[in-house]
Number of protein chains: 2
Amino acid sequence: MTSTVKNAEINPEILSFGEPVYARVCEHIRQDILSGKLEAGFRLKIHGLCQRYNVSQMPIREALQQLQGEGLIVIEPNRGAYVRRVDEHFIKNMYDIRGAIDALLARLGIPNLTDESLEKILEIQERYEEFAHAKDTNVFLTINKQFHHEFYMLADNPEALQIMERQWGLIDTLRAKYGFGPTRLIEIMSEHRELLEAYEHRNIALAERIARDHCEKAKIDLLQQIRDKKGFDKKEDRP
Amino acid sequence: MTSTVKNAEINPEILSFGEPVYARVCEHIRQDILSGKLEAGFRLKIHGLCQRYNVSQMPIREALQQLQGEGLIVIEPNRGAYVRRVDEHFIKNMYDIRGAIDALLARLGIPNLTDESLEKILEIQERYEEFAHAKDTNVFLTINKQFHHEFYMLADNPEALQIMERQWGLIDTLRAKYGFGPTRLIEIMSEHRELLEAYEHRNIALAERIARDHCEKAKIDLLQQIRDKKGFDKKEDRP
DNA sequence: CCATCTCATATTGTATACAATATATAAAAA
DNA sequence: TTTTTATATATTGTATACAATATGAGATGG
């Protein structure tokens with residue numbers, strides 16, 4: 001082999017696996033956005049990302065294009081890329097959509113409900129209640145995701161799951177940042193219990209209503225948290 | 001300026017505007033997929049696209065990444081890109097999702113309903129009925145889109161609109177290919193009339209139900225059309 | 001005849017050079 | 001002082017060379 005290695009050392013963490021660099025970089029940036037390390041509105045300069053990941057521009061550019069397709073960032077041609085900015089409208093709209101989707105998934109899922117899945121959900125719920133007093137937002141978000149994931153699985157509609165997950169990450173990011181209202185954690189617990197009961201009784205109409213209300217209340221709570229803590233919608237880099 | 005032009009002529013249709021090439025190529029491929037020119041499963045080889053658009057690989061690759069983010073194509077690392085394959089499950093799932101979203105938009109939109117918007121919708125509906133006997137699927141799809149677009153606007157939830165439009169294009173492509181069932185066009189007309197009436201009376205619950213049923217019937221019709229005309233799910237290029 | 005290996009070819013992936021565009025700074029004119 | 005213009009710098013966009021990987025055909029061994 002007559003390979004002419006003329007490039008300097010490459011970040012082994014990025015190159016490591018057989019996966020292409022652009023895929024790895026894409027995943028990395030996505031996580032940085034969803035974890036809140038890269039805040040909404042943050043300007044993503046290609047050169048900066050090149051240094052950060054120690055690779056050339058092209059894999060970076062490809063990663064950014066994919067993230068734009070996913071809606072996590074916005075690329076203005078010849079001007080640059082920014083982490084998508086979210087406003088109260090976006091939050092309201094996403095919760096409304098989620099309410100509709102969750103209701104749908106209840107309708108689709110209840111006919112497929114088995115005793116095993118019911119038990120599994122109950123188990124998650126109990127773990128949830130265990131941590132209810134801990135007040136650790138991230139632990140909550142994780143268990144919460146597991147809880148709803150079980151319902152989603154029952155419905156057997158991966159497209160709905162994918163559509164929601166694609167953008168819902170941004171909402172979870174906000175929730176991690178602003179937390180829950182003082183009484184919200186207790187309310188969530190009982191709302192989940194109610195939902196579980198509706199499933200147990202195979203009461204589709206009731207489950208739909210509870211799922212929608214659940215989202216509605218979560219929406220109100222998050223918006224309230226944001227208004228309380230303020231600091232929202234500051235530090236602009238570019239409109 | 002000491003520019004050293006060493007590249008051959010560039011396709012002026014692609015380069016023309018101030019828009020970057022990758023954006024133009026992206027739009028072009030997207031249209032080719034949605035219009036059915038590039039069928040589901042079609043292998044998108046970079047070199048082939050380079051020749052087709054007479055540009056180098058990089059803009060092509062960036063365009064493909066974005067389309068993958070949008071979900072229109074699938075890129076298997078180191079193996080290639082394919083137009084997303086759709087199966088009956090996908091169709092069923094998308095119609096279910098659309099039913100839920102349309103119901104939501106009815107609920108959100110009715111409170112915002114004005115006489116002007118009502119009149120505009122009625123106008124579209126009349127144009128619809130005018131063309132009902134023409135049996136031109138594409139004309140139908142266009143007018144149909146206008147009809148529903150008005151309802152979507154009332155709801156003031158651009159995220160829902162965007163989420164739907166992103167993937168719904170693939171369904172319209174199938175509809176354009178397989179057409180409507182013999183009695184379906186008449187049914188659509190009356191279903192739209194019913195929906196319009198429910199809006200007129202500001203009957204949210206009724207409008208929700210009609211919107212969902214409308215999607216349910218459309219789903220059944222499309223699946224039937226596909227089964228009838230066969231030829232579906234053939235000509236594979238790669239799993 | 002079948003399985004496996006080798007090697008040529010095709011295709012995708014990455015780095016780099018350079019071009020095009022936007023942004024910022026400073027000088028000139030009003 | 002304000003506005004405009006010129007110029008330099010920074011940043012994005014494109015083409016090309018080359019590297020890495022996958023694919024397929026023929027050879028080799030069982």
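Biologist: How do chain A and chain B superpose, and by what turn and shift?

Modeller: Chain A can be laid on chain B with an RMSD of 0.1 Å, by a turn of 180° and a shift of 0.0 Å along the axis. The superposition is by least squares on the C-alpha atoms of residues with pLDDT of at least 70 in both copies. The two copies are thus related as by a two-fold rotation axis.

Biologist: What kind of model is this, and which residues count?

Modeller: This is a predicted model, in which local features need pLDDT of at least 70 and side-chain atom pairs count only at pLDDT 80 or more, while totals for chains, interfaces and linings use all residues. Residues are numbered from 1 along each chain as its sequence is written, and chains are lettered from A and ligands numbered from 1 in the order in which they are written.

Biologist: How do you know through which surface the copies meet?

Modeller: Two residues are in contact if their C-beta atoms, placed from the backbone, lie within 7 Å. On that criterion 28 residues of chain A are in contact with 28 residues of chain B. Of the interface residues of chain A, 100% are also interface residues in chain B, so the copies meet through the same surface.

Biologist: Which element gives the largest share of the side of chain A that touches chain B?

Modeller: Helix H5 (88–109) of chain A gives the largest share, 10 residues. Helices are DSSP runs of H or I with at least four residues, strands are runs of E with at least two, and both are numbered from the N terminus. By class, this side of chain A has 15 nonpolar, seven polar and six charged residues. Ala, Val, Leu, Ile, Met, Phe, Trp, Tyr, Cys and Pro count as nonpolar, Asp, Glu, Lys and Arg as charged, and the others, Gly among them, as polar.

Biologist: Why are H6(A) and H9(A) called roughly antiparallel?

Modeller: The axes of helix H6 (residues 115–130) and helix H9 (residues 184–200) of chain A come within 11 Å and cross at roughly 170°. Axes are lines fitted to C-alpha atoms over the stretch in contact, with angles from 0 to 180 degrees between N-to-C directions. Angles under 35 degrees count as roughly parallel, over 145 as roughly antiparallel, 65 to 115 as roughly perpendicular and the rest as oblique. H6(A) and H9(A) are therefore roughly antiparallel. Among the residues that meet are Leu118(A) and Ile121(A) in H6(A), and Met189(A) and His192(A) in H9(A).

Biologist: What makes Arg227(B) count as exposed?

Modeller: A residue is buried if 20 or more other C-beta atoms, placed from the backbone, lie within 10 Å of its own, exposed if 12 or fewer, and partly exposed in between. Arg227(B), in helix H10 (residues 204–229) of chain B, has 11 such neighbours and so counts as exposed.

Biologist: Why is His149(A) called partly exposed?

Modeller: His149(A) lies in helix H7 (residues 137–155) of chain A. With 14 other C-beta atoms within 10 Å, His149(A) is partly exposed.

Biologist: How many residues surround DNA strand D, and which are the closest?

Modeller: A residue is near a strand if its C-beta atom, placed from the backbone, lies within 6 Å of it. There are 23 residues around DNA strand D, the closest being Ile46(A), Gly80(A), Pro20(B), Val21(B) and Ser56(B). H4(B) gives the most to this surface, three residues. The classes there are 10 nonpolar, 11 polar and two charged residues.
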